[in-house]
Amino acid sequence: MKILVTGGLGFIGSHTVVELQNKGFEVVVIDNLSNADESVLNGIESITGKKPLFENIDLREKAAVQDFFKRHNDVSGVIHFAASKAVGESVENPLLYYENNLETLVYILQQLAEKIEASFIFSSSCTVYGQATAMPITENAPIQPAMSPYGNTKQIGEEIIKDAAKVSGIKSVLLRYFNPVGAHESAAIGELPIGVPQNLVPFITQTAAGLRKELSVFGSDYPTPDGTCIRDYIHVVDLAKAHVIALQRLLNNKNLEKVETFNLGTGTGSSVLEVINAFEKVSGKKLPYKIVDRREGDVIEAYADTKKANEVLGWKAQLSLENAIDSAWKWEKKIRAIEN
Ligand code: WQD
């Protein structure tokens, strides 16, 4: 079975390619290297012994997408990661986000709609819930007006997929990630943020590696036990495994509806200060940080109700926050050639 993974050299994409190969799938990766490095192919190969097929294609070029599917007409399923994902950048440059995240989605779906049947896994996000009122967050939680163009592209993307599935042989699973963190235990692949990291854990590991002076904690006056925001940090390897399980569900026609939605989290919320403490515990290093003002657009808390993913999808996160942070730190030390 040949599977296309778009954005397959990115953080979650590369970890998913490893898990697909571990399950015996033949993988072809499309990535335009706008937020990834081709050397990730070597990292994947060093783990699985197999280098996936790779094509450097910009999915905004419709003709290139059509040509790809002509040459790879034996693709049985697609896992679609390719998208821009920086919340702040999307506010400054919304049209880039609508073009890059939605036009590309349509071009791929158009190709899949020409097949008798096709399995499509979509990388969505808990951001579609905005600030959910009830915790833990279930898949039936109301979709709030998007708090950023990035979040809006995830909401609109889900609607596009549902409409396309109604009139074609497309079957889809929408995976709403909470906060992906960590790296493969081999430290052969991991997160490679370009520039100043937006996300908490890479900022922590870069600070500990000496690349950043100190971590700014965005607010400690939230209505939470320690005043800092709460998130559901899920190990990227657990997340990757969920994609393979969801794909197999579709390939084996186990899906109960043409489009199914699952929240992917651990079900446990952790505050920013708890993440910092976990890092100091696993690394044995004191992390320099200061409390600053809140960050615009942050929700107070978000953690997943994992019942549906556990019982219907048959997947449950296995790895702990400490394991995730430990693997993230090992990865940071590896790429910065730091000994301890
Ligand atoms: C986590 C917590 C910050 C950095 C975003 C996207 C979401 C998904 C995951 C793509 C928050 C605090 C962070 C820092 C801090 N991305 N923080 N100092 O915002 O929950 O989710 O990334 O799908 O769609 O919205 O993740 O890691 O940016 O922040 O205090 O330097 O850490 O305030 O409470 P977030 P994050």
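Is Asn253 buried, partly exposed or exposed? In this predicted model, Asn253 counts as partly exposed, because its relative accessibility is 48%, which lies between the 20% limit for buried residues and the 50% limit for exposed ones.

**Overall build**

- The protein contains 11 helices and 13 strands, and its C-alpha atoms fill a box of roughly 55 × 45 × 40 Å when this is taken along the principal axes.
- A compact globule of 340 residues would have a radius of gyration near 20 Å, and the 19 Å found for the protein agrees with that expectation.
- Of the 340 residues in the protein, 55% are buried, while the accessible surface comes to about 14,700 Å², with 50% of that surface belonging to carbon and sulfur atoms.
- Among the contacts with a separation of 6 or more, 79% are made by residues 24 or more positions apart.

- After α7 comes Gly210, which has a positive phi, near 90 degrees.

- Ser90 belongs to helix α4 (residues 87-92) and counts as buried, because its relative accessibility is 0%.
- A polar atom of the Ser90 side chain lies 2.6 Å from the backbone oxygen of Val87; leaving aside neighbours within four places in sequence, Ser90 is also in contact with Tyr97, Ser148, Pro149 and Tyr150.
- Thr261 is part of strand β11 (residues 259-264) and, with a relative accessibility of 12%, counts as buried.
- When its neighbours within four places in sequence are left aside, Thr261 is in contact with Glu139, Leu174, Arg176 and Lys308.

- Ser320 is placed in the loop between α10 (307-313) and α11 (321-335), and at 40% relative accessibility it counts as partly exposed.
- Ser320 and Ile108 are 212 residues apart along the chain, and their C-alpha atoms are separated by 35 Å.

**Backbone features to check in the model**

- As background to the items that follow, most residues other than glycine have a negative phi, and most peptide bonds are trans.
- The peptide bond that joins Met135 and Pro136 is cis, with omega at about -10 degrees, and Pro136 is placed in the loop between β5 (118-125) and α6 (149-166).
- Asn253, the residue of the opening question, is not a glycine and yet has a positive phi of about 55 degrees; its place is in the loop between α8 (236-251) and β11.
- Ala337 likewise has a positive phi of about 55 degrees without being a glycine, and this residue is found in the segment after α11.
- With a relative accessible area of 66%, Ala337 is exposed.

Terms used
Residues are numbered from 1 along each chain as its sequence is written. This is a predicted model: local features need pLDDT of at least 70, side-chain atom pairs count only at pLDDT 80 or more; totals for chains, interfaces and linings use all residues. Side-chain values use heavy atoms; hydrogens and water are left out. Helices (H or I, at least four residues) and strands (E, at least two) are DSSP runs, numbered from the N terminus. The radius of gyration is taken over C-alpha atoms; the globule rule is 2.2 Å times the number of residues to the power 0.38. Buried means under 20% relative accessible area, exposed over 50%, partly exposed in between (1.4 Å probe, protein chains only). Contact means heavy atoms within 4.5 Å. Accessible areas come from the Shrake-Rupley method with a 1.4 Å probe; for residues, only the protein chains shown count as cover. A polar contact is a pair of N or O atoms within 3.5 Å; within protein, one must be able to donate a hydrogen and the other to accept it, and residues adjacent in sequence count only if both atoms are side-chain atoms.
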